[in-house]
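Welcome, and please load the model in your viewer.

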Amino acid sequence: MRAARLIKMVLLLQSRPTMTAAELARELEVSERTVTRDAQALSEAGVPVYAERGRAGGYRLIGGYRTRLTGLARGEAEALFLSGVPGALREMGLEDAASAARLKVSAALLPSLRDASRTAAQRFHLDAPNWFREPRTPESLPAVADAVWDDRRITARYRRGRDEVTRELEPYGLVLKAGVWYLCARATGTTRAAGNADGGLENSGSGASYRGYRVYRIDRFAAVAAGEERFARDDGFDLPAFWADRAEEFARSLLRSEVVVRLSARGLRALPHAVDAPAARAALEHAPAPDPDGWVTVTLPVESEEVAHGQLRGLGPEVEVLAPGTLRERFARDARRLAELYGTP
């Protein structure tokens, strides 16, 4: 839209002393010829845009001109608070709003402070996804984000394995955890499509104040439709507190089994890096004093014997599995195979 582009051009020129046609074209995502036409249109409208030729030339505003178009719209102000998470802004469809908000703030600042956004961006950056994981934006994320901003109810088809359920949801907030998007919502209606699709992340939080609220992975939404009806948000709902409560409960719910292990001093130090944090914390809280050899025997909560085998293998000879016997036998087989590979001929 040309009017929005012209406003953005004025704000850019107000926030910087001089900009070349190429710089403006890059910022506005247009050609340099379009920049020339836009500058002429602004000049004809009374905005004192001046073009200087030569190697050090470019476009600038003269006469100390300042626009009053610096008032932030609500969406821009909200997006500004997320501007330190550029990837998340792009995925939610808020990048343009954040860009406009930053320009307006820059235009309102004193000249000596206008480089604050650049200097901050060069010193702090948040990269949310895990290493070695290709980030993928769920198709339904922009629609869900719009509904969250506007407090509008949504109807969503949610996949659970081979099954699907259709849910009527009040979307309260979005959480980006290790590159995965989650929706925290209150379910107002459920239609079961096939099988038993409940469980896992959908369980509600344990705290009484969060009863009825659930967590959904955005990439498991098969379809999302936002209605025009808005819901009355519960002012007592605290998204960070709810997520912390829910994440802790979910981590505990995975630890359904126990193994007894004996650890060296080095193994004790490495345990929190080898297994899940809640499991290591539970084991070390009740760890007895070391035996005469300096080893400590602990009971470790685990998700399953299979998972424990994979996690504890990373500790090598710094751990000895005592129980259950089936897991101990797995490690004995591993030891025999290693001896065959590395033993002296």
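Throughout this tour, contact means heavy atoms within 4.5 Å. You are looking at a predicted model, in which local features need pLDDT of at least 70 and side-chain atom pairs count only at pLDDT 80 or more, while totals for chains, interfaces and linings use all residues. Residues are numbered from 1 along each chain as its sequence is written, and side-chain values use heavy atoms, with hydrogens and water left out.

**Stop 1: the core**

Select Leu312. Setting aside neighbours within four places in sequence, Leu312 touches Val259, Val261, Leu271, Val275, Leu300, Val319, Val321 and Phe331. Now widen the view to the largest nonpolar core, which has 20 residues. Such a core is a set of buried Ala, Val, Leu, Ile, Met, Phe, Trp, Tyr and Cys residues joined through side-chain atoms within 4.5 Å. Buried means under 20% relative accessible area, exposed over 50%, and partly exposed in between (1.4 Å probe, protein chains only). Leu312 is among the residues with the most contacts inside this core, as are Val259 and Leu263. Elements giving two or more residues to the core include strand E8 (257-263), strand E9 (296-302) and helix H11 (277-285); E9 gives the most, with 4 residues. Helices and strands here are DSSP runs numbered from the N terminus (helices H or I, at least four residues; strands E, at least two).

**Stop 2**

Next, pick His309 in helix H12 (residues 305-312). Is His309 buried or exposed? His309 is buried, with a relative accessible area of 9%. Beyond four places in sequence, its contacts are Leu327, Arg330, Phe331 and Asp334. Then show Arg330 with Glu306: their side chains form a salt bridge (2.9 Å, N to O), meaning a side-chain nitrogen of Lys or Arg within 4 Å of a carboxyl oxygen of Asp or Glu. Arg330 is in helix H13 and Glu306 in helix H12, so this pair ties together parts 24 residues apart in sequence. Glu306 is exposed, at 51% relative accessible area.

**Stop 2**

Select Glu320 and Arg262, whose side chains meet in a salt bridge (3.1 Å, N to O). Glu320 sits in strand E10 and Arg262 in strand E8, 58 residues apart. Glu320 counts as partly exposed at 26% relative accessibility, whereas Arg262 counts as buried at 18%.

**Stop 4**

Finally, go to Arg152 in strand E3 (residues 152-160). Its side chain forms a salt bridge with Asp150 (3.3 Å, N to O). Arg152 is buried at 13%, while Asp150 is partly exposed at 31%.
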